[in-house]
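Please read the following points alongside the coordinates.

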Amino acid sequence: MSAEAAKRWYWEHGGKEKKRLYNKAHLSDRKEKEKERWKQKKQALVDMLGGACKCGYSKLSGLTFHHNGDKNDDVSNMRDKPLEVLMDEIKDAELLCMNCHMELHYGWLDS
Ligand SMILES: [Zn+2]
């Protein structure tokens, strides 16, 4: 390889690597923003339903929405939907933590 070709090789590959790193950073930046948006939406939904499970648990990460009425889809699958749509979806739902939610659905396993 001539010095010229080596230089070209270096820049081409260096460029690709830079682009890859840029894409990676850009992508994770977008993911961070999506996470932040979902956090804010979930907080609003949780607040709307009283802010805590009946057992007192109130951490955002472990709270779920239990549907009493009609259910179109899991709220967690609807993260991209506008907040108003989500609020409408869960207006009849009960706020439950993971444990209480599982007990509600699978309590028969304990007896
Ligand atoms: Zn609970």
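Predicted model: local features only at pLDDT ≥ 70, side-chain atom pairs only at ≥ 80, totals over all residues.

1. Residues are numbered from 1 along each chain as its sequence is written.

2. Leu86 is buried, because 20 other C-beta atoms lie within 10 Å (buried: 20 or more such atoms within 10 Å; exposed: 12 or fewer; partly exposed: in between). Between Leu86 and Ala44 there are 42 residues of sequence separation and a C-alpha to C-alpha distance of 9.9 Å.

3. Leu86 belongs to helix α2 (helices are DSSP runs of H or I, at least four residues; strands are E, at least two; numbered from the N terminus). In α2, the buried residues are Leu86, Glu89 and Ile90. They line one face of the helix, since down its axis they fall within an arc of 85°, taken over directions from the axis to the C-beta atoms. Glu84 and Asp88, on the other side of α2, are exposed. The cover over the buried residues includes α1 and β1 (63–66).

4. Lys41, Ala44, Leu45 and Met48 of α1 meet Leu83, Leu86, Met87 and Ile90 of α2. This contact comprises seven nonpolar residues, no polar and one charged (nonpolar: Ala, Val, Leu, Ile, Met, Phe, Trp, Tyr, Cys, Pro; charged: Asp, Glu, Lys, Arg; polar: the others, Gly among them).

Terms used. Contact = placed C-beta atoms within 7 Å.
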